[in-house]
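Please open the model in your viewer and keep the selection tool at hand.

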Amino acid sequence: MRAIMPDPPVPQPESRPGLQPMAAGAGPRQAWTIDAILQLYELPLLDLLHRTQQVHRAHHDPHAIQLSTLLSVKTGGCPEDCAYCPQSARYETPVQAQALMPLQDVLAAARQARAAGAQRFCMGAAWRSPTARQIEHIAAMVSGVKALGMETCVTLGMLKPGQADTLKTAGLDYYNHNLDTAPEFYDRIISTRSYQDRLDTLERVRDAGLKVCCGGIVGMGESRAMRAGLIAQLASLDPPPESVPINRLVKVPGTPLDDAPELDPLEFVRTIAVARITMPAAVVRLSAGREDLDESSQILCFMAGANSIFYGDKLLTTANPGQDRDWTLLQRLGMHPISSTPPSPSCTP
Ligand code: SF4
């Protein structure tokens, strides 16, 4: 009879006893090097899934999934040049620019999302950086959505000093601002804002006491080492983001990345697993690109530690699996959504 093999040795982060603890009970803050992350990537897939399941189950209910619905409250016409984005005014894409949505329309969409089972409502605006007046409009939307009993998240571009505080006062829970990719690949993707600009906005978000939603996009033609570089950057944020969206490039005609090489779905699964292992307490979101993943690949992503999805038939401007399809899949898997806070009777619109 064949002997049962012991678990293979797995790479570990370097312990840095002088730094702050990562999360309650998580021990000293640990730094993940790109090399250690690459070793995770290179594990046989089943060993990587075994390892990530251990980490996932130690920190999360493995059957619970967080459902976020995303609404584009101001679409297109963005002056930035992000090479993946159909909302950039620099590229001819199918996206039609639209002005900021009226408050009542946003709240109607949030009520619909809540009725469909979403726990968090995320609002995105295609701006380089919002003006003071725009922040006031968004703050009113945040307050209205919060009053529905939902968690709130916005993504508005770079924030100036004080703007994160205004959003926090309005009831914002999360601010999304992605690092997008590794620093060494970054200038191939965006030239109109620097990596440091992004880190500065993340610092303002943290200083205001908001939770950070920060991830990136894979499949833009980067190497595996660059994917590891992105994860190393995210995991070294201090503290790490509470929410980590991992996006798979959606190739939109007219954008410079329309003909990017196809990413192997298993490489995407590996990226989810590596994010889970290096940021164990975070909610890891299977984000854009899910429409192009078959169900088996999505299930592997859940096994790899993804515990959040965008829920609804549209992301900011690209397609997403419909709610019915998602419900059916989650039920078949025996998974259940994390429920939202019940709305307060005094503030329910
Ligand atoms: S990703 Fe955001 S900042 Fe970049 S072009 Fe699109 S909307 Fe503008």
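Helices (H or I, at least four residues) and strands (E, at least two) are DSSP runs, numbered from the N terminus. This is a predicted model, in which local features need pLDDT of at least 70 and side-chain atom pairs count only at pLDDT 80 or more, while totals for chains, interfaces and linings use all residues. Residues are numbered from 1 along each chain as its sequence is written.

**The whole chain**

Begin with everything displayed. The chain holds eleven helices and twelve strands. Of its 349 residues, 45% are buried. A residue is buried if 20 or more other C-beta atoms lie within 10 Å of its own, exposed if 12 or fewer, and partly exposed in between, with C-beta atoms placed from the backbone. Two residues are in contact if their C-beta atoms, placed from the backbone, lie within 7 Å. Among the contacts in the chain with a separation of 6 or more, 76% join residues 24 or more positions apart.

**Helix α9**

Now select residues 265-278, which form helix α9.

**The packing of α2 and α9**

Two packed helices are described by the angle between their axes and the distance between the axes. Axes are lines fitted to C-alpha atoms, for helices over the stretch in contact, and angles run from 0 to 180 degrees between N-to-C directions. On the α2 side, the contact is made by L45, L48, L49, R51, T52, V55 and H56. Helix α9 contributes L266, R270, A273, R276 and I277. By class, the residues of this contact comprise seven nonpolar, two polar and three charged. Ala, Val, Leu, Ile, Met, Phe, Trp, Tyr, Cys and Pro count as nonpolar, Asp, Glu, Lys and Arg as charged, and the others, Gly among them, as polar.

Within α2, pick out R51. R51 counts as buried because it has 21 C-beta neighbours inside 10 Å. The C-alpha atoms of R51 and A273 are separated by 8.6 Å, although the two are 222 residues apart along the chain.

Next, select Y175 in strand β6 (residues 174-176). Is Y175 buried or exposed? With 27 C-beta neighbours inside 10 Å, Y175 counts as buried. Leaving aside neighbours within four places in sequence, the residues in contact with Y175 include V154, A164 and L167. S243 is 68 residues from Y175 in sequence and 9.7 Å away in space, C-alpha to C-alpha.

Move on to D180, in the loop between β6 and α6 (183-186). Its phi is near 75°, a positive value in a residue other than glycine. D180 counts as buried because 24 C-beta neighbours lie inside 10 Å.

**A cis peptide bond**

Finally, select D238 and P239. The peptide bond from D238 to P239 is cis, with omega near 0°. P239 lies in the loop between α8 (224-236) and β9 (243-248).
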